[in-house]
Amino acid sequence: MAGHENGSILQFAPFQIHVDEGFWHRLSSLKLNELGIDDSPIPLTGFYAPCFDSRTSNPFNLFTESLPPEPSEQSLIPAISHGNRNRCPVPGILYNTNTLEGFKALDKQSLLKAEAKKIWEDIHSGKAEEDSAVLSRFLVISFSDLKKWHFRCSIAFPALVLDPPATVVDLRPASQCFTEEEAESLSAACNEWRNSSSTTDAPFFLVSIASNSCITVRHLKDWEACQRDGHKLLFGFYDPCHLPDNPGWPLRNFLSFIFVRWNLKKVRFLCYRESRGFADLELSLVGEASISVPQGWKDHQHMPHAVGWELTKERKPKLRLIKLATSMDPTMLSISAADLNLKLMRWRALPSLDLNTLYATKCLLLGAGTLGCQVARLLMAWGVRKITLVDSGKVAMSNPLRQSLYTLEDCLNGGEFKATAAAKRLKLIFPGSEAEGVVMAIPMPGHPVPTDDENKVLEDCRRLHDLVDSHDAVFLLTDTRESRWLPTLLCSNANKITVTAALGFESFLVMRHGAGPLRSVEIESVDALATKIGNTSLRDTDGGQRLGCYFCNDVVAPVDSTANRTLDQQCTVTRPGLAPIASSLAVELFVGILHHPFGIYAKAEFANAIVSGSTEQPLGILPHQIRGSLSQFSQMTLVGHSSNSCTACCNIVVSEYRKRGMEFLLEAINHPTFLEDLTGLTELMKSASAFELDWDNETDIDDECLEI
């Protein structure tokens with residue numbers, strides 16, 4: 001017997017523990033997406049196998065699959081399968097706290113005792129005889145700092161303490177304990193046990209030695225049958241330890257089980273180890289332990305003392321600190337960090353937040369100036385990944401101070417195109433962004449097109465039509481009124497979510513456009529578009545009047561507003577704080593539409609005036625228009641219904657566009673009065689001009705009455 005004197009205390013080698021990075025990634029995903037502030041215990045599955053190298057122990061492993069899958073993954077990830085010779089599954093439990101203080105305050109001894117009690121109950125109930133892996137159950141406590149990707153944890157393998165402890169009678173290599181015939185039979189029996197899918201991951205077993213030197217490996221439940229046959233028995237277990245003088249940790253609870261179950265005071269055991277997938281009797285150990293009767297163990301209600309926390313070399317409880325940020329791909333790290341705030345919203349403040357819809361929604365931003373830059377960044381903050389910016393301008397020296405996506409470098413050599421420069425900057429800010437820049441001018445009514453340029457302008461019209469069709473939401477962020485006309489028409493035609501933000505010097509307008517006038521949108525069904533953009537429904541609640549668009553309150557068609565303007569009129573001159581306010585409201589309005597059950601058909605809502613029979617949505621009210629003034633530090637919500645004479649969204653205009661297409665657009669662009677004539681605004685203005693006030697020259701002195 002090497003390294004032990006007869007009668008010395010039997011020493012057990014602790015598990016060597018390996019926690020795969022994937023385990024922490026899965027835990028962080030579970031915490032953010034499913035658990036939130038729920039700190040209930042989480043079931044775990046650990047894995048180990050017999051030692052297969054004389055130089056090192058086989059570790060106890062925690063992998064990605066050690067944690068339960070998220071509900072969305074359950075159909076994709078198969079359940080933990082049995083029959084893997086290199087992965088004997090062991091049940092465990094995880095206590096993951098919400099705060100570092102909570103982690104430090106955990107009562108480790110109470111938690112260890114609770115898990116040890118489960119082992120004690122499994123031994124007395126007979127469960128350990130049927131499923132011996134429960135003898136090695138384990139415990140993990142942790143705290144996950146998801147902002148820094150730091151994880152703290154401690155791990156324990158509860159072991160029932162024999163008091164007095166077991167002593168060594170004999171311990172030597174297995175090759176010295178058997179005849180040549182027995183050794184050959186034992187190797188064959190162990191190899192057969194390990195090669196069978198039904199037994200390969202059963203870590204505790206019986207080795208039955210018949211009088212004719214024939215050896216078989218049997219289940220623990222066959223003990224009584226082996227006794228009747230008069231066979232000599234060894235109690236075998238998969239030993240992850242490689243040391244020649246010490247058995248591994250699983251033997252501790254196995255000895256307790258053997259004593260309680262069969263009242264044996266002398267136990268011969270086999271520490272089964274392998275080499276190259278076969279039994280290695282030189283590396284395996286055979287020993288005999290003597291067990292004195294522990295006080296109180298005959299009483300089922302008596303709970304033995306337990307140990308088992310992983311210790312440092314100084315014999316102090318070991319605290320593991322895992323820093324994943326240093327090993328993570330920066331792009332993946334930025335994506336995880338960007339999602340953190342949104343996922344934390346779902347824990348408590350906004351459980352109904354639909355991140356999948358936000359991730360999938362494609363947003364088209366028309367204008368990459370002061371408003372466009374702000375809106376793009378805020379959309380990314382809400383989780384929108386797919387952003388297309390349209391602008392024909394270049395970055396000027398005056399832009400970077402007000403337009404947050406540009407720097408001085410973008411202004412050099414004549415300036416980069418705003419659309420492409422903004423898209424590049426969005427990807428630098430957030431590598432997970434799918435931003436695209438499109439350089440093109442938006443054709444405008446009131447800006448006649450020379451014959452030679454007609455084809456180019458019509459190509460721009462077609463391109464804008466395709467862009468609107470391929471996106472789910474459109475933001476009108478240009479700085480002239482007429483540049484919003486064609487996008488408004490196209491959005492009305494396609495029933496797209498449309499949000500307008502417009503600035504004055506110290507006032508702003510933010511509004512959502514109502515649905516288009518023609519419900520027969522060219523899609524297969526209402527559900528097709530509803531599926532495309534998540535919760536945005538195409539249902540109309542009561543067939544009432546539509547909400548208006550940006551042009552519904554106008555009595556004139558949009559015309560050229562850029563001609564004959566002084567420098568202060570040519571530039572967008574506004575108070576610097578105005579654009580961030582308007583941009584924020586525009587994005588919040590958009591998110592509100594996405595989360596409203598009626599989407600673009602939602603009625604206008606006002607504070608403290610929720611429509612009868614409806615309830616306020618989790619994100620609050622969904623107004624139609626928001627008008628604000630910085631000079632008064634005021635803001636108000638208004639509603640404006642659609643107009644039958646609107647030059648952009650009325651039935652007549654949309655129908656004409658569907659019938660005549662590009663021909664219609666070219667006529668609207670080239671002829672200033674075309675839209676007014678088509679919609680009846682010309683007649684309306686004539687009627688208004690013909691309306692005169694007749695002032696009666698005769699004054700009634702008695703009552704000074706005024707007749708109109």
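## N413 and its loop

N413 sits in the loop that runs between β18 (386-390) and α11 (418-429). This is a predicted model, and in it N413 takes a positive phi of about 55° although it is not a glycine. That's worth a second look, since most residues other than glycine have a negative phi.

## S213, another positive phi

S213 is a non-glycine residue with a positive phi too, near 70°. Look for S213 in the loop between β8 (204-209) and β9 (215-218). Is S213 buried or exposed? S213 has a relative accessible area of 16%, and the cut-off for buried is under 20%, so S213 is buried.

## A cis bond at P164

Next up is the backbone at D163 and P164, which are joined by a cis peptide bond with omega at about 10°. Most peptide bonds are trans. P164 belongs to the loop between β6 (150-160) and β7 (167-173).

## Cysteines

How many disulfides are there? The count comes to 0, where a pair of cysteine sulfur atoms would have to lie within 2.5 Å. Take C271: the closest cysteine sulfur to its own is in C241, 8.2 Å away, so the two are too far apart for a bond.

C271 is buried, at 0% relative accessibility. C214, on the other hand, comes out at 39% and counts as partly exposed.

Conventions. Residues are numbered from 1 along each chain as its sequence is written. This is a predicted model: local features need pLDDT of at least 70, side-chain atom pairs count only at pLDDT 80 or more; totals for chains, interfaces and linings use all residues. Side-chain values use heavy atoms; hydrogens and water are left out. Helices (H or I, at least four residues) and strands (E, at least two) are DSSP runs, numbered from the N terminus. Buried means under 20% relative accessible area, exposed over 50%, partly exposed in between (1.4 Å probe, protein chains only).
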